[in-house]
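I opened this notebook to keep a record of what I looked up in the model. The entries follow the order in which I checked things.

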Amino acid sequence: MADDVEQCRAALEKCPPDHSDRSHFLDNLALSLRDRFTQRGIPSDLDECIELHRAALLLRPLGHSNRSISLNNLAISLRDKFTQQGVSSDLDESIELYRAALLLQPHDHSLRSLFLSNLALSLRDRFTQRGVPSDLDESIELHRAALLLRPPGHTHQSDSLSNLALGLQDRFAQRGVPSDLDESIELLRAALLLQPHGHSNRSISLNNLAVSLSLRGRYTQHGVPSDLDESIELHQAALLLCSPGHSERSVSLNNLALSLQDRFIQRGVPSDLDESIKLHRAALLLCPPGHSHRSDSLNNLALSLGDRFTQQGVPSDLDECIELHRAALLLHPYGHSNRSGSLNNLAISLRNRFTQWGVPSDLDECIELHRAALLLYPHGHSSRSGSLINLANSLRDRFTQRGVPSDLDESIELHRAALLLCPHGHSVRSSSLNNLAASLKDRFTQRGVSSDLDECIELLRTALPLRPPGHSLRSSSLNNLALSLRDRFTQRAIPSDLDEAFSLFLQLSHVSHAVSRDDLTAAKSWATSAEKTNHSSALLAYQTALKFLDQHVTLLSPSSRHFDVVSMATASLAVDAFSCGIRHDALTTAVELVEQGRAVFWTHLARFRTTLDELSMDSHTSAALAEEFKQLSFRLRNAFDQSTEDQSSQIRELTMQWDDVVSRIRMLPDFSRFLQPPLFSDLQKAAEEGPVIIVNASQ
């Protein structure tokens, strides 16, 4: 490679400045320098390459037969420089040069498909950096045009199929239209057929198809479990083609790790997540300091460790996750296209650690990182609203901890700005309305200004229809609005506010699907509010809360961390329910409720055999239903833990499947009361040989 560069340099030195072929010699030296840069990654080689291409272009004015070639060469080198250094202006210039080159290529020119493809790839890069949807749409249309010029038998048809597929994959990730992902999968299957065993690009094609199948298995309603299994098999096949020493081995290790991570999220087998982390560690070892993929590898390992911390609660996983995100951020200096993502990842991890252990410096650093990220999302960027919300929520956390009024005021202004970017029909509008309402209510609590509470209530009323029955966050919306109305009743004693509050709480009793912690929290709020106001719905509130508790504990993993959170929050629920039953002269109901609550905790704490254990041992059919129930429960718990507006349709689909398997279990002999409270008539049998005395201690 060094010989090539020196030979080209010597040839250029012999060529006089006014020689007609000088542009040709300039290009040759530039191309040899770019090849050496690709091999060794020395930035000065690429800088010199670009200057030589500029010089060649000056010697090929408009009308020159090779001007389009010069434009294309300079554009490619500028795109390479952007990929290495992340400077936006390099990518912008690259795109303009590609456009100019394409205009010089007639529709029947042999290089037109190449120029279409190059421009499309640069537009996709710019979409990745700035999130402007029109760049991605144009990129996809250009790839379609290039594919039409590469019919079956064309040497680059597989490249065009893959490029178009990856653009559609990106658009699915942004907008969630399943047809884009389905088309992507079909195109990638076609590309793989053109790259049989022994083809140099087969491992890349296997990886691309595997990624699309993994996306469909995880994010779409019509994705099936076999999509993820096929994805993992394809990644494993690709890894076999990237033996130690292969330049793409680290990418292949990383892709297999991500698919195992997806399968863990879907099915909850801990070994999948552990293996994913091992593979990410192996990939990182192949990306030493200076490697172009090192920052991606650091980030992926950090995210996997974050997932394991969420599942198992081991502090060292979160600490290592944070240090890896710090290392990734150092590789994304000011001006780098991925800096904003790195800032956000580190900020979110620090906020998670603050939530766990309450160290103020973690939250302060989190806020400064979110401020820095927001500066990188100008007006018009698709991620600006999310960045505003992240900063606003962190400032609200700090207000909650320290009570500094300016933090809360700034949080409110940021939430107002975010709401303006979430117009009617926007996927996160209801969350934005709820966020602003929550901050206004905090300010009302602190300062007592009635207009803040009134605006809070109006915002929550606007948000509620955006979360109709069946929406995963509806209970949270019902609870927020009901509590705000109750607070206004406390302040002004308007009976209609209290009536409306309890009409909202009463809707919780109709929830029949698998419940989240939000559902349980809302039912607890109902019971507390009914006790405070001596409302007639108190006993129904306790019945609903204990039903939710029973179901929610069933969704939890054996991890004591998950159970401890719920048990602390609901410690007195059963004894308070018993007390309420006695006060309402509903003695048999009181006994049923206290036994239901007692059973939930003692079954877990004493590791008693559960109904689910009995189901697993009953018969082959029962065991299959028990396994299906466990997998759906795990997927629901993960979905609830990460619940967002965008995931609501996925949660709704999982909930329908969960309801269906519960119904089938209840049809089995001896399991008709599965996940339902015990009947007094059954409990009464315990008193056949003498009285049973219940001692209750409740406020």
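In which helix is Ala30 found? I located Ala30 in helix α2, where helices are DSSP runs (H or I, at least four residues) and strands are runs of E of at least two, numbered from the N terminus.

I note at the outset that this is a predicted model, in which local features need pLDDT of at least 70 and side-chain atom pairs count only at pLDDT 80 or more, while totals for chains, interfaces and linings use all residues. Residues are numbered from 1 along each chain as its sequence is written, and side-chain values use heavy atoms, with hydrogens and water left out.

**Ala30 and its surroundings.** I read Ala30 as buried because its relative accessibility is 0% (buried is under 20% relative accessible area, exposed over 50%, partly exposed in between, with a 1.4 Å probe and protein chains only). Setting aside neighbours within four places in sequence, I find Ala30 in contact with Cys49, Leu52 and His53, contact being heavy atoms within 4.5 Å. Ser77 is 47 residues from Ala30 in sequence, yet their C-alpha atoms are 9.2 Å apart.

**The whole chain.** I count 32 helices and zero strands, and 49% of the 699 residues are buried. Among contacts with a separation of 6 or more, 61% come from residues 24 or more positions apart. The C-alpha trace spans about 110 × 65 × 45 Å along its principal axes.

**Salt bridges.** I searched the whole structure and found 53 salt bridges, each a side-chain nitrogen of Lys or Arg within 4 Å of a carboxyl oxygen of Asp or Glu. One of them joins Asp125 and Arg79 at 2.6 Å, N to O; because Asp125 lies in helix α6 (residues 112–130) and Arg79 in helix α4 (residues 67–85), this pair ties together parts that are 46 residues apart in sequence.

I then looked at Glu413 and Arg416, whose closest N and O atoms are 3.8 Å apart in a salt bridge; the two residues are three apart in helix α19 (residues 405–420), and so about one helical turn separates them. Glu413 is partly exposed at 47% relative accessibility, as is Arg416 at 27%.

In helix α31 (residues 648–666), Asp660 and Arg664 are four residues apart, which means a separation of about one helical turn, and their salt bridge has its closest N and O atoms at 3.0 Å. I have Asp660 as partly exposed at 41% and Arg664 as partly exposed at 30%. Elsewhere, salt bridges with shared partners join Asp92, Arg126, Arg130 and Asp135 into one network.
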